[in-house]
Amino acid sequence: MTAKLGIAIARRLGASCVSLVFVVVAVFFITSALPGDVAQSLLGQAATPDAVAALRHSLRLDEPVLLRFASWAGGLLRGDFGMSLVSHQSVMSMVHERLLHSLLLAGITTLFAVPTALLLGTLSAIFRNTVFDRCVSVLTLCVVSVPEFLVATLAVLVFAVQLHLLPALASISDIHSIGSFLAAFSMPVATLGCVIVGQMARMTRAVMVNVLSSSWVEMAILKGVSPTAIILRHVLPNVVAPLFNVMALSLSYLLGGVVIVESVFHYPGIASLMVDSVTSRDIPLVQSCALIFCAAYLLLTTLADIVALFSAQERNGA
Amino acid sequence: MMLTLPLPRSLTPFLQAPLLLAMLWLLLALIGPWIAPYLPGEVVSTTVFAPMSLQHLLGTDYLGRDVLTRLLYGTSSTVLLCAASTAMACGVGAFLGMMAALKRGMTDTLLSRFMDGVISIPSLLSGLVAVATFGSSMPVLVLAMACIYLPGSYRTCRMLALSIVQKDFILAARMRGEKTSYLVLREILPNMAGPVLTDVGLRFIYAVRLLSNLSFLGVGLQPPQTDLGSLTRENLLGLVYGAPAVIAPALAIAFLTVGLNLALDSKGRRQ
């Protein structure tokens, strides 16, 4: 049994590695397939042919694509992400601090969103088909289906413009006290949390309903076990693994939300760096940011699948 | 299996709220620019962020242009762009999915592995990378969104087709020596039309979200073209005054996505 599980996990990890390689190759070749020329678009319309040729040479654009890919991928392996075309700094130094900021935002959001979502999902599963369940279902559906920026805009309208409670921008450079920390983080975290809670509460409800309508829970009810005991002793042990799966999957939605939230609130994270680099067409920076996001996404989905494998193993073993 | 049915039976539940709603939006998108009271780029008032009035039903925007006119044009481009990319994604996805389910073997494995690879890139990220590389123009956005949502459609259709391919009537058709095109078009597709259309609806909602998000970030449709996301972005300052210029496009997006999703959801509940 355990040997089988080991093989299954190894296969899943192998598939993730293949996906990662696929992503690296895809990101490079898509961004290298420019119809125009980076050199031309950087120098603008008035550039002389000589200047364009010189820049092309210094950016090594005149070399064959495969050779450039080899040196770029080699650099990645050595932790060298290249130089930014616009600011001429090394990408690594630009990304480093921004990444820490983004991780901080993601961490705080997770801390709040996960318990809220689990509670909402579980409650609406227990009281399923009641008014409460319908309300939660419609609300979460609304949050899930509108674009993330609408939630952010609405939050700014209510809390910053109408109620004057919170600042509309997240300036994390001048955090001195708990008060300023709360003021800077509450809006981005609340917005991002809304998006995650919407996704996660829906999935949690599905998992819980699945277990609650199983035959063994029905048996326990018929035996006269108290509701609390049913939840704690019969249901909880059976949902731990699938809920971990739900958590990892929902957190991968953080990535989509984080891009919007950082831009709306001018939060100095890696996602807003990426949007800026897309606007200025700073290809090395776009490539690195895209890779970091894909790697994080892959990590979370792989984690979700491995947890699912464990839970399948447990169910078979029991 | 009756082949002469005018409509596949699995389609009938869909001929209700979701389809009607989708038709309504599509109609609005098509006739919107014709019934708009002004020209989209025309500055018609000296007041910016004017409130609602009889002359300008939804007020004016940050340059004094008519919001209703711009909203109609914006809705048109959002709905048409997303419909086009969804149609491409789901058309190709469904075709490839059914082929993979019919052929199995090497074709299936290679296609599925490739699609899994594409799916492992978050959609907003692929959109950003595509725009960074090819610039943001209508064809780029439509093609990028089509590529982004193709794998999901492929997966759904492959799963649906796999369960149908094992049915006896497919075996019978194969024994009769029918061609693959006949199997796909007359036997498999009609039997999965209902779930596939639900999937199409969901992907359309994803496409609207993605396009609006990109435009809101300023990397989607570029002026003078507008869509609902860029309309919200350019009028964001009006938020302070509670101007309809920013609330109207935001509400339009919400109605479009939430309405369709609620309709699809209640349909799923009934089944």
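In chain A, 72% of the contacts with a separation of 6 or more link residues 24 or more positions apart. This is a predicted model, so keep that in mind as you look around it.

The secondary structure of chain A is simple to describe: it comes to 13 helices and 0 strands. Of its 318 residues, 44% count as buried. The accessible surface of chain A is about 16100 Å², and carbon and sulfur atoms make up 70% of that area.

| Helix | Residues | Number of residues | First to last C-alpha | Expected span |
|---|---|---|---|---|
| α7(A) | 148–162 | 15 residues | 20 Å | 21 Å |
| α2(B) | 67–103 | 37 residues | 53 Å | 54 Å |

Let's take α7(A) in more detail. Where does this helix bend? The bend is at V156(A), by about 25 degrees. V156(A) is also one of the buried residues of α7(A), and others among them are F149(A), L150(A), V151(A), L157(A) and V161(A). The buried set includes E148(A) and T153(A) too. Because 11 of its 15 residues are buried, α7(A) is largely enclosed by the rest of the structure. Just after the helix, H164(A) takes a positive phi of about 55 degrees.

Now to α2(B), in chain B. Is α2(B) mostly covered or mostly uncovered? It is mostly covered, with 26 of its 37 residues buried. Its span of 53 Å is close to the 54 Å expected at 1.5 Å a residue. Just after α2(B) comes R104(B), which has a positive phi of about 50 degrees.

Terms used: Residues numbered from 1 in each chain as written. Chains lettered and ligands numbered in written order. Predicted model: local features only at pLDDT ≥ 70, side-chain atom pairs only at ≥ 80, totals over all residues. Heavy atoms only, no water. Helix = DSSP H or I, 4+ residues; strand = E, 2+ residues; numbered from the N terminus. Expected span 1.5 Å × (residues − 1). Buried < 20%, exposed > 50% of the residue type's maximum accessible area, 1.4 Å probe, protein only. Bend = angle between axes of the 7 residues up to and from the residue. Contact = heavy atoms within 4.5 Å. Areas by Shrake-Rupley, 256 points an atom, 1.4 Å probe, with all protein chains shown as cover.
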